[in-house]
Amino acid sequence: NPHTIQMEGNSVLRRDNCRAKGGSAGFKVAILGAAGGIGQPLAMLMKMNPLVSVLHLYDVVNTPGVTSDISHMDTGAVVRGFLGKDSLEDALTGMDLVIIPAGVPRKPGMTRDDLFNINAGIVKTLCEGISKCCPRAIVNLISNPVNSTVPIAAEVFKKAGTYDPRRLLGVTMLDVVRANTFVAEVLGLDPREVDVPVVGGHAGVTILPLLSQVKPSCSFTPQEIEYLTTRIQNGGTEVVEAKAGAGSATLSMAYAAVKFADACLRGLRGDAGIVECAFVDSQVTELPFFASKVRLSRNGVEEIYPLGPLNEYERNGLEKAKKELAGSIDKGIAFVRK
Ligand code: NAD
Ligand code: LMR
């Protein structure tokens, strides 16, 4: 028998035995900040992902419109919208993966750290919701400054007694996506054939591309190394300046976020050999968090790979990266402990 369900003020007519609550196969994914510049294309691309059965879109503004729009796409995932703080817990309950692009973006002249004062509080509140409603979810944190927001999330989870370091991942995939693109340009290759490990963190000199480990194996002149390292480290600023006050990377970020989320979901499904770079709780260096290649599994981060052999240029870069990273990590931890 047909019956009606109230959704976002619209009456939806459905038969009783229909898939009204989402398919049984696939994963439940929430996007927090889903109406934003990253959130909207990210929501669209996740709706197209066959591994997603339920997609929850949460924001403090505009989710009804975005949800209505995306819900008309004839793909498998069932989409539900959640507007405002009072709906955060409903948005998070039962989720397998939570992707967080909530928060303000940079304008020209700003560093990512200039976003700390606003975004730290946003990330803290959202992570408190995760501890309460889906403490076993994998968390993909995009909000900047990633070098501080990941330590903030870890502290929130520790306070709540729910911290599992394997399930918290800072998204540095855009640095890898850029590195693959720029290196392919220089080498005259298809970017899909290129794999550049990028380690460290996600801001300026903390972004450390390991050009000595590029696949397919190749060598660069000193000028090429200088050009590529600088361009990869400044990729975000390049977009911020081109957008001239209208925000930072959103489309390439949504692409990178989906590439990364898909890897996390394939890991959750039990696929073997899923390896990506991410900013995680790590013992690869003396710092408590560091980005490097990680292997993803049903538990999130199953294995963290060492940095491998570095040349002198990369060893110098590593020292600079660690110095800046240490301060950003401490700042995040202090924000929650204070
Ligand atoms: P945006 O301003 O277009 O969108 C942000 C969204 O977050 C808005 O819709 C806003 O309403 C929402 N929001 C604000 N407070 C919220 C709250 N408390 N709960 C839920 N949602 C909230 O910004 P954007 O361009 O989408 O960028 C978002 C963040 O991602 C920025 O911090 C940016 O620096 C960062 N970013 C990170 C990377 C990366 O590589 N990790 C890349 C690009 C951008
Ligand atoms: C990026 O790398 O594009 C993002 O971190 C956004 C920014 O502020 O540069």
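**Figure 1. Contact of helices α6 and α7.** Asp175, Arg178, Ala179, Phe182, Val183 and Val186 of α6 meet Glu224, Leu228, Arg231 and Ile232 of α7. Contact means C-beta atoms, placed from the backbone, within 7 Å. Helices (H or I, at least four residues) and strands (E, at least two) are DSSP runs, numbered from the N terminus. By class, the α6–α7 contact has six nonpolar, no polar and four charged residues. Ala, Val, Leu, Ile, Met, Phe, Trp, Tyr, Cys and Pro count as nonpolar; Asp, Glu, Lys and Arg as charged; the others, Gly among them, as polar. This is a predicted model: local features need pLDDT of at least 70 and side-chain atom pairs count only at pLDDT 80 or more, while totals for chains, interfaces and linings use all residues. Residues are numbered from 1 along each chain as its sequence is written, with chains lettered from A and ligands numbered from 1 in the order in which they are written.

**Figure 2. Geometry of the α6–α7 pair.** The axes of α6 (residues 173–187) and α7 (residues 222–233) come within 9 Å and cross at roughly 150 degrees. Axes are lines fitted to C-alpha atoms, for helices over the stretch in contact, and angles run from 0 to 180 degrees between N-to-C directions. The two helices, α6 and α7, are therefore roughly antiparallel (angles over 145 degrees). Their crossing is right-handed: the near helix is turned clockwise from the far one by less than a right angle.

**Figure 3. Helix α5 against helix α10.** Here the axes of α5 (residues 146–160) and α10 (residues 312–337) come within 8 Å and cross at roughly 35 degrees. The crossing of α5 and α10 is right-handed. Contact residues of α5 include Asn147, Pro151, Ile152 and Val156; those of α10 include Leu325, Ile329, Ile333 and Phe335. The α5–α10 contact has eight nonpolar, five polar and four charged residues.

**Figure 4. Surroundings of ligand 1.** The shell around ligand 1 holds 32 residues, the closest being Gly33, Gly36, Gly37, Ala102 and Asn144. A residue is counted if its C-beta atom, placed from the backbone, lies within 6 Å of the ligand. Helix α4 (residues 116–133) gives the most to this shell, three residues. By class, the shell of ligand 1 has 18 nonpolar, twelve polar and two charged residues.

**Figure 5. Surroundings of ligand 2.** Residues around ligand 2 include Pro105, Arg106, Arg112, Asn144, Leu174 and His202. Helix α8 (residues 235–243) supplies the largest share of this shell, four residues. The shell of ligand 2 divides into five nonpolar, five polar and two charged residues.

Note on methods. Angles under 35 degrees count as roughly parallel, over 145 as roughly antiparallel, 65 to 115 as roughly perpendicular and the rest as oblique. Two residues are in contact if their C-beta atoms, placed from the backbone, lie within 7 Å.
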